[in-house]
Amino acid sequence: SYSHRESCYPHPPRFRLKRNFVSSLVRRYFDKERATLDSTYSSYDSFYGRCHSITELYGNKNIGQIAELLGVMAPKTKSAAEYVIVRMFGGSGKKLNNINFFRKYSIRIKTLTLSSSDKRTEDMKLFPLDFDEVSNPDLMFEESSFFEYFFNQHFLFPIFKEPFLECPLSENIFLGFKEMMFSESFIDEVAKPLFCNIQRLIVNHELKNVPCYTKNGRLRINKKTGTIMSAPNFPKSRDGVLFIRGGGNDSLDKKEYIEGVSMYYQTVWCKGTYIVSELSKIPFL
């Protein structure tokens, strides 16, 4: 079961019925199109067995070679890796996470590409920040969807590697799959403090926009608008493993208004270096 300090109540069991599982049962009666994988894999074991078989077939081959074996033309964009993974599983869509099987078992697919020196090439985008929740002073972390995400999600990482610096995407080599969940200590010591920090900033009226600076200490200027770039004082990547990052088309695309502060839509991110470090301790499926 999940352990918290005595002041945290309730103590939700890790084996509780997952929200995504219940939602997928409801969708079954309304979705006209059912993904073929949903009926192909009836359990975690059978699914992970399939991952192992796929690795035996395509492991240590690059995206171009895999696409050729599959008889498809992979796009020349960042979506190339996910495109071939979908087809390795026999799918025809663009997104693995749209397949009902993954939703039902709370499996999130996160394609990961290692650099030639075995480092993560990018940080990992997790989920949008729910301001209705973090603005509620009475909401406990354990009762939030923020907690639910870290507590319930299984992550499946199809892992690729760049064989040399700045290689073409088609040259990236497929290594296999690894599965991971965020540990209970991570939830308690990293995710919870982030939630509480954001909640405190909003509830105590400490939220504000602050100017953005370059590494050299100069103000960052948006090239499209000529305006000084700014961001809310949420925790940034320099502050910890989990952090908040906004996203929009330009500096004028700030459609969120929280406590009088205008901002982009805000998303929770995790440092890629942390993910790579954790996965290095886990064997391939």
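Visitor: Let's start with one side chain: what relative accessible area does Tyr213 have?

Guide: Buried means under 20% relative accessible area, exposed means over 50%, and partly exposed is in between, using a 1.4 Å probe and protein chains only. Tyr213 comes out at 49%, so the residue counts as partly exposed. Before you go on: this is a predicted model, where local features need pLDDT of at least 70, side-chain atom pairs count only at pLDDT 80 or more, and totals for chains, interfaces and linings use all residues. Residues are numbered from 1 along each chain as its sequence is written, and side-chain values use heavy atoms, leaving out hydrogens and water.

Visitor: Where does Tyr213 lie?

Guide: Strands (E, at least two residues) and helices (H or I, at least four) are DSSP runs, numbered from the N terminus. Tyr213 is in the loop between β6 (209–211) and β7 (230–232).

Visitor: How do I read the pairing of β4 with β5?

Guide: Strands of a sheet pair through backbone hydrogen bonds, either parallel or antiparallel. Two strands pair if DSSP finds at least two bridges between them. β4 and β5 (residues 173–180) run antiparallel with 7 bridges, and Pro158 has Phe177 as its partner. β1 (residues 107–109) runs parallel to β4 with 3 bridges, putting Ile109 opposite Leu156. β2 (residues 112–114) is also parallel to β4, again through 3 bridges, with Thr113 facing Phe160.

Visitor: What is the strand order in the open sheet of 3 strands?

Guide: The order is β3-β11-β8, paired antiparallel. β3 (124–128) and β8 (242–247) are the edge strands, each pairing on one side only.

Visitor: Which strands does helix α8 touch?

Guide: Contact means heavy atoms within 4.5 Å. Axes are lines fitted to C-alpha atoms, for helices over the stretch in contact, with angles from 0 to 180 degrees between N-to-C directions. Helix α8 (residues 145–152) packs on the sheet, touching β3, β8 and β11, at about 140 degrees to β3. Helix α9 (residues 184–203) lies across β8 and β11, at about 45 degrees to β8.
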